[in-house]
Structure formats: C-alpha cells, structure tokens
Amino acid sequence: MTVARQQVTQARRIVVKVGSSSLTTASGGLDADRVDALVDVLATVRGAGEKEIVLVSSGAIAAGLAPLGLARRPKDLARQQAAASVGQGLLVARYTASFARYGVRVGQVLLTSDDTSRRAHYRNAYRTLDQLLAMGAVPVVNENDTVATDEIRFGDNDRLAALVAHLVRADLLVLLSDVDGLYDGDPSRPGTARIDEVHGPADIEHVQIGSAGKAGVGTGGMVTKVEAARIAAAAGVPVVLTSAVRAADALAGRGTGTYFHSTGRRSADRLLWLAHASTPQGALILDDGAVTAVVHGRKSLLPAGIAAVEGEFSAGDPVELRDGGGRAVARGLVNFDAKEIPQLLGRSTRELAKELGPAYEREVVHRDDLVVLHP
C-alpha cells in the first residue's frame, strides 16, 4: 500500500459522492440493489463509529422519471423540477430503509449555493452537518433541485461534494461514478491507461477529458469530477475518483481509481463557496487603483474605486468585481442594492455619510465577503 493510499485508511471524516448513473436505470427509477450495495460498503466503513460518512447523492431527478411516466430526463426546467420534487423523497426513503438494516439513521440536508455563501447560513450548514455526525447519523446531501436552477441546468453535484468536503472539514473525498478512474485517453480505446496518482494540475495538462457519462440519466461527466477534485485538493482535501462498484476497494486504500493529492491548505473559510458555487447577479467595474487595492492589497472595495455598475441585484447578493478591461478579478457579497450604487460612484465614505447618513459610511464589498479570482 502506497503512502497516499495509507492516508485513505487513516481518514476519519469522509465525504462520498455518488452519481445518478450508479443508482438508477437509464429509463429512470431507483435500482434498489445498487443502493443497497453502496450502503453495505458505507455501513461497513463506519464500523463501530470510528469513521464518519457524509453522503452527497445525485439521483433525485432520475428517480422521479418513472413515477411521473417520463421516458427520459426532460429538457425543460419545470419538468426537471417536478421530477426532482418526486424523486428526492423516494431517494431519501430508499437510503433510510437501506441504512436501517444496520441500525443507522440518515438525515436529509438540501443545500443551495447562494445560502451557503452567506456567513450566517454557512455556519448553520456546518453546525447541522456536524451535529448529525456527532449523533451517529449519516447526512444525505443534495442540492435543492426544486429551487436551485443552476444545478439542474449545468449539473454538478461533483462540485457540491467538493464544497461539502471543505465545509465539514473532511479528511477525504471519494467521487463515485460509472468509470473506475481518470485515464490518459478514452478508456474504451486500446492503449489507454488509468492514472494512479495526480500530484497537481501539471500532471494532467496533457489529458483530454471526456464529458459524457454512459447511462444518460446524469448531467455530470469526467470534466466535472476532475474540476471537483481540483477544488477539494486545493482546499487541503485529498480525493479518490473511482467507480461505485469499486467503492469498497477505494475506501480500504487499495490501488483502485485515481488519487488526487492535496495541493493546498485546509481552512474553514466559506469564501471557497463564494468562488466556486455562487452565481453573480451583476458586476462592479473598478478603476485601476481599486483593482490594486482589492487584488494585491486584499482591501475592501470602497465607493471611491467604482467606475460603473452593471445588472440588477440586492444587498447581500454575489457580484463580480471587474477591471477596466472587463476581466473578473474578484467576487464578493455587495452591501447595497444596484439602484443605490450610481450615486456612490467615485465618492468617499466620509462625504457620503455627511450627505446621505451614517449608513453610507461603509464598504460596498467588505474584504471578509470578498474572494480574489485572478491575482
């Protein structure tokens, strides 16, 4: 067993993500045998309580297809949301019954990226998940597909899993799908080989990564899995990418799948969510001085440094901070509505407080609510 794989066996808090194709049939509906097989592995890993498991599970939309008489995943958003509404209940009920065979309770946790970018909601999400684990339950996490339209459109519980691993301060992330690892080419073609370990982005720069899954019921692919592995690794969480049928081997530290070494330091900073999960509702165009202050000086954004405002947003929404050339250099949570900002442009906070009142003597985006995208 390699040193990297030994770290897998030493992990105490583990986030496991499973895709739709590993839980359902191509025609829709849950495959009870597949669910039970996964739960058998996870329950065994939990053992006598020495390890904690957080399960990020896709499959809500796919599970709702057959009950609603849908032959395939619909393309329109309304029917996708309807399928998610029906399927989420079926998915959690199936997990509840399956884990009950081992005397283990599950708790449903539905997250939206917008909520989890905000400071108070981020803390609440962490407390809920941490308490569920402390009480011996297995949190089953999914994006709230009935309202979180971006996830349905672009698909990506892999990224959600990486962010959850960061949120709960996991020791390991395991991404399970229908492919047993990352290959240096199309795995269906002769001569390609599985990549055993990835130490950093440079290791796979030459690899052409496919985007299509086999089963046709999910929306992710190898692209989203590698991106999720990159996000988690950069946040200090190592990753194993393999197939659901090899989950037991992966969690036992055997040489299956692809192991992504951590490349960054772990932290409790919610700004990872702001950078990778939020959807900007507008943009603030910064002058050169403000770009330097925000990007290199890690300062708050003040009204004096804003040259223009774009879009419609409310206080608390995520917005992009762009330089004069239109490049997004940072992202942050804005403290004013879009309609308020034009009167603030280029003016000092002292001047604004004198004219408009003390509520205007503050940052447009505070540095604690700001993440730099391009240093």
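Analyst: A crossing counts as left-handed if the near helix is turned anticlockwise from the far one by less than a right angle, and as right-handed if clockwise; helices (H or I, at least four residues) and strands (E, at least two) are DSSP runs numbered from the N terminus. This is a predicted model, in which local features need pLDDT of at least 70 and side-chain atom pairs count only at pLDDT 80 or more, while totals for chains, interfaces and linings use all residues. Residues are numbered from 1 along each chain as its sequence is written, and side-chain values use heavy atoms, with hydrogens and water left out.

User: At what angle do the axes of α8 and α9 cross?

Analyst: Two packed helices are described by the angle between their axes and the distance between the axes. Here the axes of α8 (residues 157–167) and α9 (residues 222–234) cross at roughly 15° and come within 8 Å, where axes are lines fitted to C-alpha atoms over the stretch in contact and angles run from 0 to 180 degrees between N-to-C directions. The two helices are therefore roughly parallel (under 35 degrees; over 145 is roughly antiparallel, 65 to 115 roughly perpendicular, the rest oblique), and their crossing is right-handed.

User: Which residues of α8 and α9 meet?

Analyst: Asp158, Arg159, Ala162 and Leu163 of α8 meet Thr224, Lys225, Ala228, Ile231 and Ala232 of α9, a contact being heavy atoms within 4.5 Å. By class, five of the residues in this contact are nonpolar, one is polar and three are charged; Ala, Val, Leu, Ile, Met, Phe, Trp, Tyr, Cys and Pro count as nonpolar, Asp, Glu, Lys and Arg as charged, and the others, Gly among them, as polar.

User: How do α2 and α4 cross, and which residues make the contact?

Analyst: The axes of α2 (residues 32–46) and α4 (residues 77–100) come within 9 Å and cross at roughly 50°, and these helices are therefore oblique to each other. Their crossing is right-handed. From α2 the contact takes Ala32, Val35, Asp36, Leu38, Val39 and Leu42, and from α4 it takes Arg94, Tyr95, Ser98 and Phe99; seven of these residues are nonpolar, one is polar and two are charged.

User: Where in the chain are Arg169 and Arg298 placed?

Analyst: Arg169 lies in the loop between α8 and β5 (172–177), and Arg298 in the loop between α12 (288–296) and β10 (306–311). Although neither is a glycine, phi is positive in both, near 60° for Arg169 and about 55° for Arg298.

User: How many helices and strands does the chain have?

Analyst: The chain has 13 helices and 13 strands, and its C-alpha atoms fill a box of roughly 70 × 45 × 40 Å along the principal axes.
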